[in-house]
Amino acid sequence: MNTEEMQKEIRGLLKEKNAVLLAHYYQEGDIQDIADFLGDSLALSMEAARTRADCIVFAGVRFMAETAAILAPDKTVLLPVPEAGCPLADRITADELKKARQQHPHAAVVTYVNSTAETKALSDICCTSTNAVKVVQSMDTHEILMTPDGNLARYVSRFTRIPIIPWNGDCPVHQGLTPGDIRKVREEHPGAPLAVHPECSPEVIDLADFTGSTSAIIEFAGKTEAGKVIIGTESGIIHELEKRYPGKTFVAAAASLVCEDMKKIKLKDVLAALRETRHVVTVAEEIRLPAHRALSRMLELA
Ligand code: SF4
């Protein structure tokens, strides 16, 4: 079967099964092209919470499908490749977080959505890279423990007086972008502004012209007068940027900006999952309920 035939059958099955395909900007282009909804973590969570479909096919990684299952327990949530995980989410376990809470009994726990359901369940509130600053600024607390991404925590601490204890985790894709990469790409593309994600290291953020979530980077790329923009996040986003702004050029800040987990899902996997309604993601009720509370607090702010 060629790409077009698979895309056509997927669209047909989605209709027949009253299902929606939610896809992250970091997915392969041929999946992005047929998604009912394309977005970053915040937008996808909100869509999962409000969809009227019976089934959600999640083209993303496990924590995203889990978030959909937490927010929409009455829907069937499919993750076409169950092994599509997130090394950042795996940087903290429930036991480690329980211990950290004991060590910092007065700290509120803010957890990035790029985390397991168990971690969310032990947190006071969740955040995404879009709303992390807003979430932290809304809190009435003297101390915050922010998990699992230390870079996001350090970035957010630039905008608040509340002391933030960063968890020692990072996204290998964004952490892998170095000041050396930035110097090189700037030399190759002089004058082009650099937009990076807050999961990048503070050293890289200091060199950037703009820092924001994937949706904020898309907005920045459209608004800037520059005809060429250097992109410091997972390079899957360039597919959407080129579609939205055909007159502009987008350059990945480094060839290493590829998330292997995000790329595990192929069109054939989406088709197989839909045909057989397989790889259902569920979250046990004792974890789902407290995780739902932490996510709902965040969504109320959004
Ligand atoms: S890009 Fe980083 S945070 Fe996002 S899924 Fe991949 S490893 Fe996880």
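Helix α12 passes helix α13 in a right-handed crossing, a crossing being right-handed if the near helix is turned clockwise from the far one by less than a right angle and left-handed if anticlockwise. The model is predicted: local features need pLDDT of at least 70, side-chain atom pairs count only at pLDDT 80 or more, and totals for chains, interfaces and linings use all residues. Residues are numbered from 1 along each chain as its sequence is written, and side-chain values use heavy atoms, with hydrogens and water left out.

**Helix pairs**

- Two packed helices are described by the angle between their axes and the distance between the axes.
- Helices (H or I, at least four residues) and strands (E, at least two) are DSSP runs, numbered from the N terminus.
- The axes of α12 (residues 214-223) and α13 (residues 237-244) cross at roughly 30° and come within 11 Å; axes are lines fitted to C-alpha atoms, for helices over the stretch in contact, and angles run from 0 to 180 degrees between N-to-C directions.
- Thr 214, Ile 217, Ile 218 and Ala 221 of α12 make the contact with Ile 237, Glu 240, Leu 241 and Arg 244 of α13, where contact means heavy atoms within 4.5 Å.
- This contact has five nonpolar, one polar and two charged residues; Ala, Val, Leu, Ile, Met, Phe, Trp, Tyr, Cys and Pro count as nonpolar, Asp, Glu, Lys and Arg as charged, and the others, Gly among them, as polar.
- Helix α3 (residues 41-50) packs against helix α4 (residues 62-71) at an angle of about 35°, with the axes 8 Å apart, and this crossing is right-handed.
- On α3 the contact is made by Ser 41, Ser 45, Ala 48 and Ala 49, and on α4 by Phe 63, Met 64, Thr 67, Ala 68 and Leu 71.
- By class, the contact of α3 with α4 has six nonpolar, three polar and no charged residues.

**Ligand surroundings**

- Around the ligand are Tyr 26, Val 61, Cys 86, Pro 87, Leu 88, Asn 114, Cys 171, Glu 199 and Cys 259, each with a heavy atom within 4 Å of it.
- The shell around the ligand divides into seven nonpolar residues, one polar and one charged.

**Backbone features**

- Most residues other than glycine have a negative phi, and most peptide bonds are trans.
- Asn 18, in the loop between α1 (3-16) and β1 (19-24), has a positive phi near 45°.
- Thr 147 and Pro 148 are joined by a cis peptide bond with omega about -20°.
- Pro 148 is found in the loop between β7 (144-147) and α8 (150-156).
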